Amino acid sequence: MNQKVLAIIPARAGSKRIKNKNKLKLAGKELVRYAIESTISAKLVSTIAVSSDDDDILTIAKEYEGLYTIKRPLHISGDHAQAITYVDHTIETLKQSFDYVVIIQPTSPLTIGEDIDGTLNLLFNSTADSAVSIMKLDHAIHPVKIKKLKDLELLPYFEEERNRMAAHEIPELYVRNCSVYASTINTIRHGKIIGDKCLGYLMPRERSLDINDPIDFDFAEFLMKRKYSKKNES
């Protein structure tokens, strides 16, 4: 079955914690380029659009043949604008019909095309409304280990730890890693990015970094340099 998949790369100008984050250079390349190039390498995507209110980002996107560049209005570009607004705007601008929409975040530069295809394949082969990329939660921040501090005394926040210290003693938990979000077009039409039934595509921890703070960026720089160093060695 030939599915029509619209991939949207959202890359607005504003960012509170890291200025101009989406066009900041990581290992010599702007963050938005990593998202564009991983999406181009995905095999299941039929149309790619970059949505931005930043002319510099749109200029970068225009360097890649076949991409659509969508100038996002300012009223849906602020911190409080919901993701569904730029998705709807992109679909309305393109004036095409799609079966699925997948969002790839520039703040996850270690995402590869295989992750995008893997998330989409989950959705294709199911009756779910959406599928997202996830990572395994580190046992050190497992809910049973989270505490609150009262008069210097550590107390359980959720439940008693009951001496469950090792990873194998507590259930495995997962969290969205903010990299890939795939939805049926019907889910989008109902004003949702993530539907009632959502599947999780597990990504390895080393590709699950989401850049929000300067320390995240520094760590991403380290991981990216290590990645290219290993490539050169081989």
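Author: A pocket is an open set of grid points, with protein on both sides within 12 Å along at least five of seven lines, and its lining residues have an atom within 4 Å of a point. The model discussed here is predicted.

Reader: Which residues lie nearest the centre of the largest pocket?

Author: The largest pocket holds about 790 Å³ of space. Its lining comprises 30 residues. Those nearest the centre are Arg-12, Lys-21, Asp-79, Gln-105 and Asn-212.

Reader: How do the residues of the lining of the largest pocket divide into nonpolar, polar and charged?

Author: Helix 3 (83–94) and strand 10 (174–184) each contribute at least two residues to this lining. Sorted by residue class, the lining of the largest pocket contains 13 nonpolar, 9 polar and 8 charged residues.

Reader: What is the volume of the second largest pocket, and which residues are closest to its centre?

Author: The second largest pocket has a volume of about 400 Å³. It is lined by 17 residues. The closest to its centre are Met-135, Arg-205, Ser-208, Leu-209 and Asp-210.

Reader: Which element gives the most to the lining of the second largest pocket?

Author: Two or more residues of this lining come from each of strand 7 (130–136), strand 10 and helix 6 (214–233). By residue class, the lining divides into 8 nonpolar, 3 polar and 6 charged. With 4 residues, the element that gives the most is strand 10.

Reader: How many disulfides does the structure hold?

Author: A disulfide requires a pair of cysteine sulfur atoms within 2.5 Å. For Cys-178, the nearest cysteine sulfur is that of Cys-198, 12 Å away. Cys-198 likewise has the sulfur of Cys-178 as its nearest, and is in no disulfide. The number of disulfides in the structure is 0.

Reader: Does Cys-178 count as buried, partly exposed or exposed, and what is the class of Cys-198?

Author: A residue is buried under 20% relative accessible area and exposed over 50%, with partly exposed in between. Cys-178 has 27% relative accessibility, so it falls in the intermediate class. Cys-198 has 32% relative accessibility, and therefore its class is also partly exposed.

Reader: How many residues of helix 1 are buried, and which are they?

Author: Helix 1 covers residues 31–41 and is mostly covered. Of its 11 residues, 8 are buried. The buried residues are Leu-31, Val-32, Arg-33, Tyr-34, Ala-35, Ile-36, Ser-38 and Thr-39.

Notes: Residues are numbered from 1 along each chain as its sequence is written. This is a predicted model: local features need pLDDT of at least 70, side-chain atom pairs count only at pLDDT 80 or more; totals for chains, interfaces and linings use all residues. Side-chain values use heavy atoms; hydrogens and water are left out. Buried means under 20% relative accessible area, exposed over 50%, partly exposed in between (1.4 Å probe, protein chains only). On a 1 Å grid over the protein atoms alone, a cavity is a set of points where a 1.4 Å probe fits but cannot get out, and a pocket is an open set with protein on both sides within 12 Å along at least five of seven lines; lining residues have an atom within 4 Å of a point. Grid points are joined across faces, edges and corners, and a volume is the space filled by probe spheres set on the points. Ala, Val, Leu, Ile, Met, Phe, Trp, Tyr, Cys and Pro count as nonpolar, Asp, Glu, Lys and Arg as charged, and the others, Gly among them, as polar.
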